[in-house]
Every structure is written in C-alpha cells, then in structure tokens.
Amino acid sequence: MLQQYKTIMVAVDGSSEAELAFRKAVNVAKRNEAKLLIAHVIDTRAFQTVSSFDGMLAEQATEMAKQTLADYTDYAKKQECHDINTVIEYGAPKPIIAKQLPQEHNVDLIMLGATGLNAVERLFIGSVSEYVIRNAPCDVLVVRTDLNNKVVKEEKE
C-alpha cells in the first residue's frame with residue numbers, strides 16, 4: 001500500500017512562495033484524501049515596542065489573515081478539496097509551525113514555501129523553513145516550483 005498522508009498543514013504568510021506551497025498542498029491533500037490545515041502565524045514580536053504591544057497593528061494583521069485564509073479556503077473548495085481547517089496563531093512562527101501545530105492537529109506533512117533570505121539573513125536569523133525541517137516531528141516539503149514544477153522566477157545571489 002502506498003504512503004498516504006492524513007493531515008497536511010500548509011503555512012501561509014501572504015508571500016508568493018507561500019501561495020505556491022498552498023496550491024501544491026491542495027493538490028496533495030486531494031490526492032491523499034487528507035485534511036488540509038491552512039495555518040497563518042502572526043509574529044507578535046513585530047508589533048512590540050519597548051513600552052507596549054500595539055493592539056491596533058495586531059488587529060489589522062488578524063483581519064488581513066482572516067481574509068487571506070477565507071480566500072484560500074474558497075480556492076481549495078473550488079478544487080474539490082473539502083476537509084479544510086484554518087488556524088491563526090500568535091507568537092514566534094518557527095516553533096509554532098514546527099512543533100505546536102503539528103502536535104495539536106496530528107499533522108503528518110508540513111508544506112512550506114521557500115523563503116528569499118540572503119546568506120547574511122540566514123546566518124543571523126535563519127529561515128522558518130530551515131528551522132521547521134530541523135525540528136518538525138513529521139515530513140516537511142519545501143515548495144520551490146509552481147503546479148507544473150517550473151521555477152517561477154530566477155533567484156539572484
């Protein structure tokens with residue numbers, strides 16, 4: 001019997017790379033007759049100042065995330081993917097995507113878009129995808145191509 005995934009999580013952040021991962025995740029979920037969990041993590045560290053947490057920015061980010069998830073859900077349903085859940089989490093994306101959500105939702109495949117960090121950024125902060133690959137308790141697929149397995153744009157070094 002072939003390996004079949006039961007719960008596929010795709011992490012989205014509004015980037016074009018995340019969009020590629022999402023579209024591929026829909027196809028993989030359909031082929032596997034799996035649940036699709038669309039996750040968006042709002043990095044609250046970006047809203048913190050020395051004195052306080054800016055609630056207005058977080059609220060705007062939440063509304064944008066809700067709209068993005070609604071749009072993605074509509075797309076997945078049109079592609080005949082029916083078992084879809086969405087989640088918005090707040091905090092540091094790396095451990096939430098790599099550990100927390102996979103444990104809470106019994107995820108057996110995480111799909112992520114490749115990030116566009118340059119070598120210096122990778123050295124100091126590391127990419128989310130790199131962290132997830134190293135720490136996730138399940139399979140991880142980093143998506144670099146479109147649905148036709150073609151690279152969308154040339155990467156510049």
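Guide: pLDDT is the predictor's confidence in each residue, from 0 to 100. This is a predicted model, where local features need pLDDT of at least 70, side-chain atom pairs count only at pLDDT 80 or more, and totals for chains, interfaces and linings use all residues. Residues are numbered from 1 along each chain as its sequence is written, and side-chain values use heavy atoms, without hydrogens and water.

Visitor: Which elements have the lowest and the highest mean pLDDT?

Guide: Helix 4, residues 119–124, has the lowest mean, 55. Strand 1 has the highest, 97. The chain averages 86, and 83% of its residues score at least 70. Where pLDDT is low, predicted coordinates should not be read in detail.

Visitor: What sheet do the five strands form?

Guide: An open one, in the order 3-2-1-4-5, with parallel pairing. Two strands pair if DSSP finds at least two bridges between them. Strands 2 and 3 (residues 84–90) have seven. Strands 4 (residues 109–113) and 5 have five.

Visitor: Which are the edge strands?

Guide: Strand 3 and strand 5 (139–143), each pairing on one side only. Neighbouring strands of the sheet are turned by 20° against each other on average, direction ignored. Axes are lines fitted to C-alpha atoms, for helices over the stretch in contact, and angles run from 0 to 180 degrees between N-to-C directions.

Visitor: Which residues are bridge partners?

Guide: Val10 has Ile38 of strand 2 as its partner. His40 has Ile88 of strand 3. Gly113 has Val143 of strand 5.

Visitor: Why is Ile8 called buried?

Guide: Buried means under 20% relative accessible area, exposed over 50%, partly exposed in between (1.4 Å probe, protein chains only). Ile8 has 0%, so Ile8 counts as buried. Ile8 lies in strand 1. Beyond its neighbours within four places in sequence, its contacts include Ala25, Val28, Leu37 and Met111; contact means heavy atoms within 4.5 Å. Ala25 is 17 residues from Ile8 in sequence, yet 7.2 Å away in space, C-alpha to C-alpha.

Visitor: How much of the rest is buried?

Guide: Buried residues make up 39% of the 157 in the chain. Strand 2, residues 35–42, is mostly covered, with seven of its eight residues buried.

Visitor: What makes helix 3 count as bent?

Guide: The bend at a residue is the angle between axes fitted to the seven residues ending there and the seven starting there. At Lys99 that angle is about 30°, and Pro102 follows within four residues.

Visitor: Where does helix 3 lie?

Guide: Helix 3 (residues 93–105) lies across strands 1, 2, 3 and 4, at about 135° to strand 3. Its buried residues include Ile96, Ile97 and Leu101. After helix 3 comes Asn106, whose phi is positive, near 50°.

Terms used: Helices (H or I, at least four residues) and strands (E, at least two) are DSSP runs, numbered from the N terminus.
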